[in-house]
Amino acid sequence: MTHGRACAARIRERAAQEGWPLVHTAAQIATCCQVPPLRAWRLAHGMPLEEAARRLIELCAEAGLRQPKLRKGDLSRYELGRTPVPVWMIDPLCRLYQARPDWLGFGGDYSQGDPEAAQATPFQTPVPLDKPDHGGHRKSQILPPLGIGGSDDMRRRELLRQLAVTTGLALTPGHLVAIEQTRQKLFDTTAGTGIPADILDRLESLIPGYERRFYELAPLPRLGALLTDFDEVSGWLGHRLPVMTQRRLWRVAAHLADLTAETLGVLGQRAEAAAWQTTARMAADEAGDRALAIWVRAAQAIHAVHVHDDPERGVAYAREAHNLGNTPAPGTVLAFAVEAGIHAMRGNEAAACGALKQAWDALERVPGDRQRSGLWGYQDRKLQSMVSDTMTRFGRTREARAAQTEVFRHCRPNSMTYIASRFDQAKCLIHDGDLDAGCASAARTLLDLSPEYRTPLVLNRAREVLLLLPEKHRNRPAARELRDILVSAQRA
């Protein structure tokens, strides 16, 4: 998926601030926006099509070259490869963009140049994934070069840093390669010698930092920050460390992997989210943190249902979680809540209500100090969200609305807990026969969110509202308006 001119403008702004060479700027645009080299160079110069066509004609006249009959549509077709670029136009294009032919995509540089020099042709297609190794982990992928030279590790880190300054929702193939390689690094750790105490303290302080500002970060920048931090933690785990130090680092890695899985799920990357949840489970087990291990297994139950469409596996993960220890933990409450959701999806009201009762019982027995975390504590307000979901599915709107009131009172408006309950509110209106009000409520929920929070997961929740309408009422004006908002949000 290509980005718009606004994305290229943000990259140019960053390039100006940090003093990037033009080739680096063009390569970043080609990688991030997934556009051909010829278009990337025009965007790197900030030229609209009309200006580029006009200046190309003027340049040819000034240099005494053949005069092209060129309009902006012709140049656009050249950029997209729909019309071959005439050979005689290659030199004027190089003059216009101050670039070499191979940088613009015309052939390659096969000279035996200085191996330490900046990479000559920084515009290539990412290589597909290799087959998984014997451990089930994907082998390394090749990142698209960025035009700055350096190692694959440098290019991977630069792609991760891009996410932290990018707005929008699009993840390019290059970003997905960098995300997967970051996860793989944890499995490739081998040798080293110790970690300074101040660095260990700083890495551990990342977790309370995310607890304070997790929902203040839009999903894409949040993902970039998480992966950059995870990359540093996994690098230190490659050193030979005392057992207790390793456990402390594994605990940080488990927390970061769990948040990465959640963020990828919100961005619609479900398979990648499930892989990161597996990584979080492994890290939690290595850390010897029982409460965190329970939480991660409960989160795996959610992924089993929503990624693999496998309710049976979801129930198995949930039961594994709440059977892991005698003293209930926040993850125990989450596991019972997930079971309630699975039973509700199957239409088994008695089983769903029974699982909710078990969740409330477990919540009462969780020590208060375990409930303080906004991310890994399953407080009353989170359980109320599951009550809202379950009661809404069975059309018990009075009980659902009571639960929604508690969610709206205590949860952040940009959290998925709050957003999900807003859509439940819309569904309750439809259950009560007020179809137009239900569609309008869902539309308001979408419009109240800034664009970077209208993620695939949120859009799916809105579609559920439309699907709840009786077939004969799906063309009502309110339903069409909601559908139009969905289409616009998806295109954005």
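Let's start with helices α17 and α19: in this predicted model, their axes come within 9 Å and cross at roughly 25°. Angles under 35 degrees count as roughly parallel, so that is the word for how α17 and α19 run relative to each other. Their crossing is left-handed. If you want to find the contact yourself, look on the α17 side for Arg 381, Lys 382, Ser 385, Ser 388, Asp 389 and Thr 392, which meet Thr 417, Ser 421, Asp 424, Lys 427, Cys 428 and His 431 of α19. Sorted by class, this contact has six polar residues, five charged ones and one nonpolar.

Now try another pair, α10 (residues 219-236) and α11 (residues 243-266). Here the axes are 9 Å apart and the angle is about 155°, so α10 and α11 count as roughly antiparallel. α10 passes α11 in a left-handed crossing. The α10 side of the contact includes Leu 223, Phe 230 and Trp 236, while the α11 side includes Leu 249, Ala 253 and Leu 264. What classes of residue make up the contact of α10 with α11? There are 15 nonpolar residues, along with two polar and two charged.

Finally, let's turn to the largest pocket, with a volume of about 1,300 Å³. Its lining is made of 38 residues, and Ile 302, His 306, Met 416, Leu 457 and Arg 461 are the ones nearest its centre. Some helices from above turn up again here: α11, α17 and α19 are among the elements that give two or more residues to the lining. By class, the lining divides into 19 nonpolar, 10 charged and nine polar residues.

Technical notes:
Residues are numbered from 1 along each chain as its sequence is written. This is a predicted model: local features need pLDDT of at least 70, side-chain atom pairs count only at pLDDT 80 or more; totals for chains, interfaces and linings use all residues. Side-chain values use heavy atoms; hydrogens and water are left out. Axes are lines fitted to C-alpha atoms, for helices over the stretch in contact, and angles run from 0 to 180 degrees between N-to-C directions. Helices (H or I, at least four residues) and strands (E, at least two) are DSSP runs, numbered from the N terminus. Angles under 35 degrees count as roughly parallel, over 145 as roughly antiparallel, 65 to 115 as roughly perpendicular and the rest as oblique. A crossing is left-handed if the near helix is turned anticlockwise from the far one by less than a right angle, and right-handed if clockwise. Contact means heavy atoms within 4.5 Å. Ala, Val, Leu, Ile, Met, Phe, Trp, Tyr, Cys and Pro count as nonpolar, Asp, Glu, Lys and Arg as charged, and the others, Gly among them, as polar. On a 1 Å grid over the protein atoms alone, a cavity is a set of points where a 1.4 Å probe fits but cannot get out, and a pocket is an open set with protein on both sides within 12 Å along at least five of seven lines; lining residues have an atom within 4 Å of a point. Grid points are joined across faces, edges and corners, and a volume is the space filled by probe spheres set on the points.
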